[in-house]
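Hi,

Here is the structure I said I would pass on.

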Amino acid sequence: MPSAGPVTGSRSFLAKLRDGDEIARLVTFVFAATVVLITVLLVYELWINSTLPRHKFGLHFFVTQVWDPVMDEFGALPFVYGTLVTSAVALMIAVPLGIGASIFLAELAPPRISDTLQFFIDLLAAVPSVIYGLLGVFIVVPLIRTVIYPAINKPLGSLPIFKGPSYGVGFLTAGIVLAIMVIPYIISVSREVLLSVPRDQREAALALGSTRWESTWKVVVPFARTGIMGSIFLALARALGETMAVTMVIGNTPKIAASLFAPGYSIAAVIANEFTEATGELYTQSLIALGLVLFLLTFVLNGLARLLIVVTTQKGSGVSA
Amino acid sequence: MNARLRWRKLVSNFMLTMTGVCAFVSVAVLFFILGYLLFNGGTSINWAFFTQLPKPVGEVGGGMANAIVGSAKLLLAASLLGVPIGFLGGIYLAEFSGAKVASVVRYAADLLNGVPSIVIGIFAYAMVVQPFKHFSTLAGAFALGLMMIPITLRSTEEFLNGVPRMLREGAMALGASKWKTISTVIVPAAYRGILTAILLALARVAGETAPLLFTAFGNRFWSQGWAQPTASLPVMIFTYAVSPYEDWHRQAWAAGLVLLGLILIINILARTILSRGIAVPRS
């Protein structure tokens, strides 16, 4: 049993039992413990169900490019590559936009406008990923094929990252859709962190003669830097684990290509596509091993993000107090 | 000197305008999505969509009645699993537990919250589908229910902690037991916040697709019961959108509009409940 609360300390056990206190404590404890149990079980199931590929391939799993269910050869490299590249593209687009928007919401906009816009941003975060996928398939894919690809490929086609034909689907498309999906997370958290920067920091900078932008960019943003980094990690964790939107626009081809226009594959997408049709223990377990990799990646990133955000918001409240 | 100052002011104004543009673009995405869905979905939605089963592959027409009912069943069962665990666990954290146990439970909940939904799907597959050797509505609900727990738990705890001390002490001074205090004073005082959290959790899982792919699977007919696979709106949107058929694309838009409308309405409703309720002062 966990330690007794301070209020119930002096009464006799029988009296407490009669009032239902002990029963309530026990019942609610069971439910709280269930949460821990579920989490432990989740890690355990992922671990135990990926034993075969761990033993057979070991760390080679991560450096093998071949994904051949027929020959029972499984390498994670194309999927890890696809996941990392799409997430990187997403962050390159989402970070400047998100931070810019959060600066506007926290520093410039009057509270009412800021709150209204934040409300819309919250709604944007609630849009399910399959809807983003739907719009990706019917808007972003044609847009890439007919507008963006010709515009970029003509002048810059000799660069490896823009080389080759475009089918509309591919790393770039997935990255763009992911960027749109993670922007709300960056904005919400960064805005919160920026708002927690004490007033006197801004006022001191302005009093020293800096312009509004200089006080924001050289004083407020550096003060909130760790927290903003936290929001980026959070967004990265989302992008890495995102399944549906990516599956619908990445092209589902387990190949490593330097070109952003080439079709690829991601960890989450291959699980979504092949899990139900995986025949044979090794095939299924290799997919679960990919799930374990995804879990560990997001676990580390989320932990880091939470730490950074907490550190920054506490720094703010500590100074202003 | 003067020129330099003018330059700095120019830079300042330019950059600040750019941040405004960033904010505008980000919010505009929402209205673009809404507008596009309204246009495409609005023109493809019809009565058959709500009342008919999907037609066989290649035939034009039909609807998604089975997916709408399937989604409703999934959400009902998911709530029955997720809400009690989250709510009662939250009560334990806020009212009974010591700091150490609370931090362990909180940590587990945060971890669960960050798990990618596709991994939740694998877990539900291993726990429910594999032992029964069958895709089922219950397996899908299990996956969605798990995803509801962390949000419900953390919000319940937060809103219970937000109830003013005086209420608590007042009830206890009148001789109420701890449980009596919780059940008749504290929870009622915080119920708006908790209800909001539950609605938001429901809205979040309503659109989840990945965890359903290999748990609830899919079904082109009425589901034969809780132990059988069922269609759901998100999975239907996915299969229809990536299919090569024109008429399926049309129905995917219609389903997208219905799903997004539902989710946004729940979200707005939940936030209105919270903002119009008695403000819960921080103690």
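A quick definition to begin with: a residue is called buried when its relative accessible area is under 20%, exposed when over 50%, and partly exposed in between (1.4 Å probe, protein chains only). Helices (H or I, at least four residues) and strands (E, at least two) are DSSP runs, numbered from the N terminus. Please keep in mind that this is a predicted model, where local features need pLDDT of at least 70, side-chain atom pairs count only at pLDDT 80 or more, and totals for chains, interfaces and linings use all residues. Residues are numbered from 1 along each chain as its sequence is written, chains are lettered from A and ligands numbered from 1 in the order in which they are written, and side-chain values use heavy atoms, with hydrogens and water left out.

Let's start with helix α12 of chain A (residues 267–274): eight of its eight residues are buried, so the rest of the structure largely encloses it. Among them are Ile267(A), Val270(A) and Ile271(A). Those three also turn up in contact (heavy atoms within 4.5 Å) with Leu290(A), which touches Phe61(A), Trp67(A), Ala76(A) and Phe79(A) as well, leaving aside neighbours within four places in sequence.

Next, the nonpolar core, meaning a set of buried Ala, Val, Leu, Ile, Met, Phe, Trp, Tyr and Cys residues joined through side-chain atoms within 4.5 Å. The largest one has 191 residues, and Ile131(A), Ile271(A), Leu290(A) and Ile118(B) have the most contacts inside it. Helix α7 of chain A (residues 171–195) supplies the largest share of this core, 15 residues.

Now for where the chains meet. The contact takes 81 residues from chain B and 79 residues from chain A. Together they bury about 6900 Å² (accessible area lost on being put together, 1.4 Å probe, summed over both), 82% of it on carbon and sulfur atoms. The rule finds three salt bridges across this interface, a salt bridge being a side-chain nitrogen of Lys or Arg within 4 Å of a carboxyl oxygen of Asp or Glu. Arg271(B) and Asp122(A) meet in a salt bridge at 3.5 Å, N to O. On the side of chain B that touches chain A, α1(B) gives the most, with 20 residues.

Leu134(A) is buried, with a relative accessible area of 0%. Leaving aside neighbours within four places in sequence, its contacts include Met248(A), Leu37(B) and Trp253(B). The C-alpha atoms of Leu134(A) and Met248(A) are separated by 7.7 Å, although the two are 114 residues apart along the chain.

Cheers

Conventions
Buried area is the accessible area (1.4 Å probe) that two parts lose on being put together, summed over both.
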